[in-house]
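Thank you all for coming; I would like to walk slowly through one model this morning.

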Amino acid sequence: MSPFKRSALSAKLKTDSALSVHRSLADSVMEDNDVEPTHLPTLGTLRQIKYQTKKASFYDPNPTISLWLMAQTPPYNDLIRHISLHPYFVIYYWLSAQELYYKKYIAKHRVIMSLDATGSILKEFGPHRNMKITKHLFLYVCVVQTFDGKSSLPILQMISESQTMDTIAKWLKNWSEKNTPPNELVCDDSSALIGAAVKAFTKHTTTKEYLEESFQLLNIPNCKSPHCYIRLDTNHFSKILNNLGCFKNIDPRVKFFYVTCLKNIKQCQDYEVIKQTVKDMVTLCLSKYIGSVHGNVLRSDEARMRLKNLSVFKKKDSIEKINININNDSSDYKRTSVFQNINTELENEHPEIHINKGDIRVKWLIDHISTENLINELEEENLKNIENFYYMPSLVETLLRYISQVPLWSNCMMNIYDSQIDAPTSSNVENYFKSIKRFLLNLTTKSHRLRIDDFILQHHSFLSGETKLAMSYLQSDPKTKPKSI
């Protein structure tokens, strides 16, 4: 094959697959019933040319050395901010243009940032091609919403084989040293993501401290907080509610009733209303009997009627289906939820999920549970006929865990943080992952995963183009308000 023809094929194979090029060439040089001509490159030859073209674009055959060389060479020295190999492989990267956009945007607008991670993009690698020492590599991205009608923009990225809270927090802190934290941050229920955001974007060192202060602020009238508002994605939380283990083997009508009550708490902005709703749920689920005795309506029946009168039961559009399918694009990404069942191992690593009797977050709830148990012991001897359809004592432990985290998932903190977003979502970062996998990289199988330096090469061009477009929107329409999530 002549060098000219090889060069032309090489240029075409940079963007097209070997199979599509082979079929296109066959269509152009062959007629019906023709024998395959000898001058038509075979599929194997095209794949070899594509591989050699790709290999020639790398700074070094070893991806580790290639990354180091890229970090010293324009334009990638403006992208790669940090590389470490031991004890875990970690790389921070973002463009100066991304930082500039963020600074201009936050100067005039309220910033809502989404944080998430995904896998299934990168190959494992090591110091030698026969030594694959890394575990799964995950891409972490923070995305901010842009103007109405425009796509979101990624602001900072990290690739890491470590998924711990400290690793994520160090990355976010490294970025926040020179940048103002966002007004709000939305993520899923991952303890690592939430804890890292708290460490990097608030004055607190643990999620438990953040929650304790949140409960204190809820008890102060007209209180405001200048710090970052950490929130859970609405759709992820709805999925969690619909899959609660305490509802296994429970009548679907009972599940629907209590899940809907929890969704009402999610929508509620009044903390006192939330407390009353939770107390009614406890009163109802702990009472074996319901109705009236000697003309007096039982406390459990009063609680049931108040719950039935919640606004969420009156609005058909607000009652979601019990089974919700959420497309979770965070492949292979293992999470420890902030709502995880408590055990010793988790308590040591994630103290925010530990609850004791003196916990300021739920002391009022623990006291109410104790009172209800005592009242039920005294009443049960005289009540044997009217059984409570909603009797479900197993719900109490779940309520304790979830209400101890209520500032994260309900709207009760919206007024304190001056937020206008009543349904926070991280769908923009999930959609961004889909765009990378399906459109930029065309990842369909495990064999399509990229070397890390190859991914950085492609992602750099993608980020640069996105940022230039976002900057043009910012400069042409500086007064446009950001789109509500």
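Predicted model: local features only at pLDDT ≥ 70, side-chain atom pairs only at ≥ 80, totals over all residues.

N222 is exposed, with a relative accessible area of 76%, where exposed means over 50%, buried means under 20%, and partly exposed lies in between, using a 1.4 Å probe and protein chains only. This residue sits in the loop between α8 (207–218) and β7, and its phi is near 55°, a positive value in a residue other than glycine. Most residues other than glycine have a negative phi, and most peptide bonds are trans. D418, in the loop between α17 and α18 (427–440), also has a phi near 55°, and at 45% relative accessibility it counts as partly exposed.

Residues are numbered from 1 along each chain as its sequence is written, and side-chain values use heavy atoms, with hydrogens and water left out.

P75 belongs to the loop between α4 (63–71) and β1, whereas P87 belongs to the loop between β1 and β2.

Now to the sheet, which is open and has seven strands in the order β1-β2-β5-β4-β3-β6-β7, with mixed pairing; helices (H or I, at least four residues) and strands (E, at least two) are DSSP runs numbered from the N terminus, and two strands pair if DSSP finds at least two bridges between them. β1 (80–84) and β7 (229–232) stand at the edges with a single partner strand each, so one side of each has no neighbour in the sheet. β2 (residues 90–93) and β5 (residues 153–160) run antiparallel and are joined by four bridges, and V90 has S160 as its bridge partner in β5.

How many of the 16 residues of α10 are buried? The number is 12, so this helix is largely enclosed by the rest of the structure. Those buried residues, including F257 and Y258, pack against α9 (234–242), α11 (271–286), α12 (299–308), α13 (311–314), α16 (395–403) and α17 (406–409), where contact means heavy atoms within 4.5 Å.
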